[in-house]
Amino acid sequence: MDVEAGEMLPKLVAAVEMVLNPLTPHQQRLEAHQACEDFKENSPLCARCGVLMANMAQSDITRHFGLQLLEHSVKYRWNNMAAEEKLFIKENTLELLAKGTLDLLSEHAHIKDGLSRIMVEMIKREWPQHWATLMQELNAICKLGLTQTELVLLVFLRLDEDVVMFQNIPAQRRREIQQGLTINMSELYSYFITTLQTSYNAYKQLPPTVELAMANCKVAQAVLCTLSAYVDWISMTYIVDNSGLLLQMLCAMLHDNFLQLPAAECLLTITNRKGKIEDRKPLLILFNDDAMSTILNAAIKASEHSAFDETRYLFLKKLCQVLTALGHQLCALWGTTEDVAQPPNFQKYLKAILAFTLHPSQVLGSYTQSLWGMFLRHPLISKDEILVSCIPEVVKTTTTTLIKVGFPSQDNSRSCAYAKLDFDSDEDFNLFFSKYRAEIAEVLRTATLLAPMVTFDVVTRWLDTQLKKPLDIGEGSERGHCNLSSPAFLEWDALTVFLESVMSRLKLSATPASVQQDGIRLMEEALVYNTNDPLILSSVLSCISALFIFIEHAPKILPQVLEKIFSTVVFNIEGQTKATRSKAVRNVRRHACSVMIKISKQFPQLLVPAFDQLCSHIKKLSDDPDELSQMEKCTLSESLILISNQHKNFARQCSFLGEILKPVKDIWLSGGVKEALWSAEKFITYVGLDQAPVEPSSADTCGINRSHITYCINTIRAVLTRSTWPEETDVAVAGGFALKTLDNGTVVMRNPSTVHLIPMLDSVLALARSTNALWLPDNLQRRHPEFAKAYDLLEVDKQVILGIHPPCVDNTDALTNRQPLERMQSFLTTIHDNCYHILGYLGQSLGHEFYQAPNLAVTLTNTIFVNLETVPDYRLRPILRIFMKGYVQWCPREYFQTTLLPVLTVLCPYMLERLMAKWQVIEERYALKTEDSEEDESQEILEEQIIRQLTREYIELIGLLFRDKKCVDGQDDTVMDDGEGASSKDDCLSELGQLILKAENVYSCLVLTVFNGLTWQDTPTCNKCIVLCWSLIKQLLAERSLQSDDMVHLYTAVLHSLQRHGQHESILPALLTLALQMYEHLRPMYPALTEIMLQIPNCSEKALKTFEEKLFVTTPQKQMPDKKKKEQFKKLVQAIIGKNVSEAFERKVQIKNLPPMYRTNRQKTPSILETGASDIGLCSLFSPKAANGD
């Protein structure tokens, strides 16, 4: 055989070199590659040729392929290999370890890795039972030199990765190998420490230029990498043994440029250990003087050049993580026992964390923010004197860290240099900074609860400084105003976050009177602060809004607050008109309107006395056609409605709402608008869809028509969402809001807006029908060619659907003069969405008055649900998500039969048909896998994502139909790993759900949708369906409404789902539970399920019969436990459980179990009868003396 291998060697070498030669023709490369693969798979000479090719005399390419041949032989042929062949491979592999590589500085990493993999594969199959001498053999090899020592360390590293970290071997072998490692850990750990100590000392004693020094350094690095794998699970006694020798060496190595990174990684693994509290206590040794000083000095040294050296920066991040992990351990340990309290050097430690918090790298700062939050929330640490003394410094750091600088594309901060190392784009940084700022704000809120005077003092001084500080606009904009990168705006923006965080947790009742006085003073100073910069003005407005908590204590400043708000509402820059206002100006005006909403919600009682003046002022502003936009008018009207709710008088509120809605009625019910709303053809003409675009927008007469519709829709929505009755029933009844009293004593309220809104709802429904009809082919033809894309999704909506973060563009100075197509597109989207917001809110706002409307169901089906077949998916989503969800959720039970079921009768069959067709298209698209253009592919991805979201939202709606509200509120979209998502807690069906299951034309569609949803290629949809399936099946069984064919279809869908989604570990247990539950409960009534099971490959009739015999045992004592049922059932259906694409054609590695390591024969305890004992003490136990305690 050796002769044959020698003859084959030149051919193999030539084939390997041909494969990897870049000049080889493609066809020859394919043939050579196929020859190599055929030899690897089929040749009995595989191992012997591998040994010959791995010889040092061969090229690196050839040697690597030879090692691959050896590894392949071990992985796939070991179980069928003769003992002589196994011995041959074992001996030659050990020989390669001892003499088969170049020195460790010259040898390639892939050769070392390949050789270590072969050893590990043999260990996984033979050790410890069949290879008792392994440790001695490896020890002997280590004595041959540094090169062999490094190879042995790589073997132990990869063994730990396969057995402990990745656990990619059978459970029994994993337990045995880990047990073997544990038994030998004392010698192993001693070997690791000795090798590390020896190599490190030898390395330090020699100049770095000497090869022997670098060789020892290389070995030390290998030991550190190997230790990093083992210290995560070995006993803590090893780590702290010999006065914590390992920890001492790791700390010492933090100052060496070549060893500091692996040392820090090893130290991080140790400090991140989980487990029992008593096992983690020894970690607090790192708080002693030597360890803490060494770590901090290493951090100081590394930070000096970290911005210019990525390796140094990476080391600095590891050190920061070590310190924060140590803090997490302290939080877990502090107070658990009397001896665990404030550690030594705690003040020095906190200063180090503070230094990392202030570091220019925001990533380092983010590591520390969560730790500060944990310290401040800890019941004991938060009261520690040293920590309390640090709170002022922590709070002060936030004045710097909150400033949004550090974009990789900029150079306006030291943070930018680090951001270039951490982030690929400004968008990535922007996403990170949002989370980072939220963490800082949470720390501020927690600090305010602990030390309110500290945070309030800092924010007072900061705001005072900003109000007196001249604006530094930096480069600014062309108009001399700030942009998003201006220093002044960045500081104001950070101050706003700081102030809002503090004020949200400040309890005035628990603070001295001076706080109220200072707060009122701050508000007065902010109110008199004047600026013409829109960005700064917006920030000042945010500060005033945050200070609203002081208004109750100083009502006299309310007029000044309102004056400031309204002056900002009409803010403008010279030269700009209503049509040409910049984005920054529009934003600050909208911000002022939102602040008016906020104060109206928080302090409506204070505004009631000024209600009439506010009404007249807002009316005056609204009457000026060149002042307020439609959105601004509606927002200010909302604030008035919120205040009017405090009148708590039905007649007065009704009268006021009539005044608000009068101009809307005049427009909405006028002849021209009404005709346009009731006819899609006239609507197209009325809004200008069939006409050429007109520029400028002020000359567009159809634009005025669109503005009128938008104004009416927005105002109706504002009135509907804001008008309400008093929360207290007695007050509401006294105010005239009671409509009727139900049999159970519940008082039904009436909304003061109902009498005004009901006459306008017909036109709202007509608008919904007309927007659906826009998609009819005839109406599509009526569009002007330049408006062909007016029906498309807005670009911003596409980005949201696809999960694309918007680009970081500073367009605050840009004029918002949109193109006609964009204006039309925005108009159609807005009215469509707002129309369904109105309809969806009717149930909640109007309640019984809405649902008792005559022929409501017929009206809805003849308007909203007309022409749905032409409506695209992204327009259908608001109908389900906004309208139907609200319509179902707020429907009183007495109207289920008359208003809800007729609507479901129309909607449910249609949605089943539509979703089935859509998912069929997706299935076919995946099956064909045609090559499309990039544009077509992007459109397909968008359409598919919309279908997925539409499906999920419809399944959520079904869940709302069948589940009690309390069940829906507590429902999680994800299914727990234990598989209980399909049973017990989710079995409740609502009264509506039970009613639906009695309506045959509705329930069948819903049940089919839910079970078909299991098979669609969308895991979230499957998750949502699983929690409904068993509840439906149980109820249907109780109703006895399922035929055998129906049940076969449903059960087949569940099995199909196992095939489709079985690859996902998070969902597989729940699917198996559902399938088992159905089979266990339905098999006795539906024998046809047996035939379905027998169609599964490898599910034999005998195995199934055996399973059923155990499953259907009637004796409780002999019934299988649930866990055993699931295991047996999983074996039956194993062949159809889906696999990931990466695993579908993977060749499975078979590792046989070895005989048990230890077999102990338990001695049977003899019984009393067998021992022959005559007196076992029972008589003396009940003797009178024992009873008397003598």
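**View 1. Asn 855 sits in the loop between α41 (848–851) and α42 (856–861).** Helices here are DSSP runs of H or I with at least four residues, numbered from the N terminus. This is a predicted model, where local features need pLDDT of at least 70, side-chain atom pairs count only at pLDDT 80 or more, and totals for chains, interfaces and linings use all residues. Residues are numbered from 1 along each chain as its sequence is written, and side-chain values use heavy atoms, with hydrogens and water left out. Asn 855 isn't a glycine, yet its phi is positive, near 55°. Asn 855 counts as exposed, with 58% relative accessibility (exposed is over 50% relative accessible area, buried is under 20%, and partly exposed is in between, using a 1.4 Å probe and protein chains only).

**View 2. Asn 345 has a positive phi too, of about 60°, and is not a glycine.** Look for Asn 345 in the loop between α17 (310–333) and α18 (346–358). Asn 345 is buried, at 18% relative accessible area. Most residues other than glycine have a negative phi, and most peptide bonds are trans.

**View 3. A cis peptide bond joins Trp 127 to Pro 128.** Its omega is near 5°. Pro 128 belongs to the loop between α6 (109–126) and α7 (134–142).

**View 4. Asn 705 is part of helix α35 (residues 701–722).** With a relative accessible area of 18%, Asn 705 is buried. Its side chain reaches the backbone oxygen of Tyr 686 at 3.0 Å.

Technical notes: Helix = DSSP H or I, 4+ residues; strand = E, 2+ residues; numbered from the N terminus. Polar contact = N/O pair within 3.5 Å; in protein donor to acceptor, adjacent residues only side chain to side chain.
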